[in-house]
Amino acid sequence: MGQGHLSVRIQDDPPPRLDKALSRDVPDDANLSRTRLTRLIADGQVMLNGAVVTDPKTRVAAGDTVAITVPEAEDSHIGPEDIPLSVVFEDDDLIVIDKPAGMVVHPAPGSPSGTLVNALLAHCGDALSGVGGMKRPGIVHRIDKDTSGLLVVAKSDRAHHGLAAQFEKHTVERQYKAVVYGLPDANDPRLRGVRGVSFEPGNILKITTQLARHKTDRQRQAVLFQGGRHAITRARVVESFGTPPLACLVDCWLETGRTHQIRVHMAHAGHALVGDPTYGGRRKLARGAVTPAAEEAVHAFPRQALHAQLLGFIHPVSGEMLRFESEIPQDMLDLIAALQG
């Protein structure tokens, strides 16, 4: 995308700050988020009534004219890497990937390469039209390194803007398959005493809490009931294993989407995910309660047994409703088969 110029007139009753007023009055088809506008102001790319301004808090009034220069997208500092991808859907604006377990979504100090973003930079090449002023894929949501399954990534600013709005409004459909310890059941008296846990018709477990970073372990999330960010998870049993049930396969779906939400919520309810090294503790199946093969499969499972199976959203450009499903990966199928046996 080459350098562009945009002229905006501040409409009646504007917010007092320039960045907020522009966020309201810039046309939707410009696909400029408030974060992007704030960055353009700070970079000296915005003129208010003919004078350059660099403070996003500059006061504005109705009738003011604003000229915005949108520079050509820069190349990303992240290097492309030729890593195979399972592409479920792709067009000019977005791409849906079925991510394998073990792949990090975005480079970080502990994972500088080999990530989904590195792979997408190689796969998409010049098709990336500049997200936030940078030729890079627009990450609007993430799934953990050791969670497999579907995620959507923006290839253009207009897609990034539209997808981010849907995730912010919690209108994106996301459903997961998980193998958890125990059996979440409305008849379990223990669950009636767990704060934030309730049941809806159809024996659907509902977990409602706040979530925030753990005070002492920054790699974990903690359940709160004051402060933090609101989080709601629902879960329904698909199949139970053992008599009495010692583990089960569940459908989980998100009303909100917070870091580690399913993992920390299911652990809070007393039904941690099999294989979860962070929230599963040292929990094991009772010896002799299942077959030795099942006991070994659970003990040896190397990751949290969680798969992002379904993803549905409105295409941010065409307006078409899109819905994708992913098969449960083989390692989880083997775990389920062992538990069934």
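**Enclosed and open space**

The largest cavity has a volume of about 40 Å³. The model is a predicted one, and the count comes to 2 cavities of 30 Å³ or more. Around the largest cavity stand His141, Leu150, Arg174, Gln175, Tyr176, Ala308, Leu310 and Leu311. Two elements, E11 and E17, each give two or more residues to this lining. By class, the lining of the largest cavity comprises 5 nonpolar, 2 polar and 1 charged residues.

The second largest cavity holds about 30 Å³ of space. Its lining consists of Gln166, Phe167, His170, Thr171, Val172, Arg174, Leu254 and Glu255. These residues divide into 3 nonpolar, 3 polar and 2 charged.

Open space is described by the largest pocket, whose volume is about 1,600 Å³. A total of 44 residues line this pocket, and those nearest its centre are Arg142, Ile143, Asp144, Thr259 and His260. Helix H4 (157-168), E11, E13 and H6 are the elements that give two or more residues to the lining of the largest pocket. Of these, H4 supplies the largest share, 4 residues. The pocket lining has 17 nonpolar, 15 polar and 12 charged residues.

In soluble globular proteins, nonpolar side chains tend to be buried together. The largest nonpolar core of this model has 34 residues, and Tyr176, Cys252, Ile262 and Met266 have the most contacts inside it. Two or more residues come from each of strand E7 (94-99), helix H3 (116-124), strand E10 (148-154), strand E11 (173-181), strand E13 (204-213), strand E16 (247-254), helix H6 (261-268) and strand E17 (306-314). The element that gives the most to this core is H3, with 5 residues.

The surroundings of Met266 can be listed in detail. Leaving aside residues up to four places away in sequence, Met266 touches Val180, Pro184, Leu205, Ile207, Ala235, Cys252, His271, Ala272 and Leu273.

Why is H3 largely enclosed by the rest of the structure? H3 is so enclosed because 7 of its 9 residues are buried. The buried residues are Leu116, Val117, Asn118, Ala119, Leu120, Leu121 and Cys124. Just after H3, Gly125 takes a positive phi of about 55°.

The structure holds 0 disulfides. For Cys248, the closest cysteine sulfur belongs to Cys252 and lies 9.0 Å away, which is too far for a bond, because a disulfide requires the two sulfur atoms to be within 2.5 Å. Cys252 is accordingly in no disulfide, its nearest cysteine sulfur being that of Cys248. Cys248 counts as buried because its relative accessibility is 0%, and the cut-off for burial is under 20%. Cys252 is also buried, with a relative accessible area of 0%.

Conventions
Residues numbered from 1 in each chain as written. Predicted model: local features only at pLDDT ≥ 70, side-chain atom pairs only at ≥ 80, totals over all residues. Heavy atoms only, no water. Core = buried A, V, L, I, M, F, W, Y, C linked by side-chain atoms within 4.5 Å. Buried < 20%, exposed > 50% of the residue type's maximum accessible area, 1.4 Å probe, protein only. Contact = heavy atoms within 4.5 Å. 1 Å grid on protein atoms, 1.4 Å probe; cavity = no way out; pocket = protein on both sides within 12 Å on 5 of 7 lines; lining within 4 Å. Points joined across faces, edges and corners; volume = space filled by probe spheres on them. Nonpolar A, V, L, I, M, F, W, Y, C, P; charged D, E, K, R; others polar.
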